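This report goes through one protein chain, from its overall make-up to single residues. Please look at the sequence and the structure below before reading on.

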Amino acid sequence: TTMSSYVVNLWCKENKGTITGLVLCANGLGGATAMQILSPIINESLFSYRSAYRLTALIMLAVGIVIVLLFRNAPSSDTPVPPAGKKQPKKPTHEGITLQQALRKPYFYIAAVSIFLTGMVLQGIVGSDANHMNHVGLDQASVAAALSIHALALSGCKFLTGALYDRKG
């Protein structure tokens, strides 16, 4: 999420929230699709589950290399350089507060603890929910479907959050 946001911030001038939301939405759509494709490969062991995990790791490595090659350099500016001595008027932007200022605010610590607890709970659930659903008797196809629906819901929320950011700040 951080790297995607960084790249969007470098490459895009407007609608950064919506574009970031679309990128993260694509991530969720990929997860939903992968759940349908990879779950049978891993669980039904067309080849061993270790080989299935190796295959997914190789796919991630290949995609990672492509991403680095595409986005390793900042984009060139399409806007002409203003003549010497003339400054372009800047649009007012909200840069936020500095780290020093944030460290003096109680809500910074409340937010940090909240984010930590949310991440802990979400990762804990996502990491164990497939096993739990299987344990209570759901078949592998139903588990994959439930996890895909979860990923699709997250995708929609990520896109809507980015679009809301662009409209409301």
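## Contacts and make-up of the chain

Of the contacts in the protein chain between residues at least 6 apart in sequence, 60% join residues at least 24 apart; contact here means heavy atoms within 4.5 Å. The chain has 6 helices and 0 strands, in the order α-α-α-α-α-α from the N terminus. Helices (H or I, at least four residues) and strands (E, at least two) are DSSP runs, numbered from the N terminus.

Buried residues account for 15% of the 169 residues in the protein chain. Buried means under 20% relative accessible area, exposed means over 50%, and partly exposed is in between, with a 1.4 Å probe and protein chains only.

## Model and confidence

This is a predicted model, in which local features need pLDDT of at least 70, side-chain atom pairs count only at pLDDT 80 or more, and totals for chains, interfaces and linings use all residues. Residues are numbered from 1 along each chain as its sequence is written, and side-chain values use heavy atoms, with hydrogens and water left out.

The protein chain averages a pLDDT (the predictor's confidence in each residue, from 0 to 100) of 76, and 79% of the residues score at least 70. Where pLDDT is low, the predicted coordinates should not be read in detail.

## Packing of H1 and H2

Helix H1 (residues 2–11) packs with helix H2 (residues 16–43) at an angle of about 140°, and their axes are 10 Å apart. Axes are lines fitted to C-alpha atoms, for helices over the stretch in contact, and angles run from 0 to 180 degrees between N-to-C directions. H1 is therefore oblique to H2; angles under 35 degrees count as roughly parallel, over 145 as roughly antiparallel, 65 to 115 as roughly perpendicular and the rest as oblique.

On the H1 side the contact is made by Ser-4, Ser-5, Val-8 and Asn-9, and on the H2 side by Lys-16, Ile-19, Thr-20, Val-23 and Leu-24.

Ser-148 is in helix H6 (residues 140–168) and is buried, because its relative accessible area is 7%. Beyond its neighbours within four places in sequence, Ser-148 contacts Ala-32, Met-35 and Gln-36.

Asn-134 lies in helix H5 and is partly exposed, at 36% relative accessibility. Not counting residues up to four places away in sequence, Asn-134 touches Gln-140 and Val-143.

## Cysteines

Cys-25 is buried at 14% relative accessibility, whereas Cys-157 is partly exposed at 46%. The count of disulfides (pairs of cysteine sulfur atoms within 2.5 Å) is 0.
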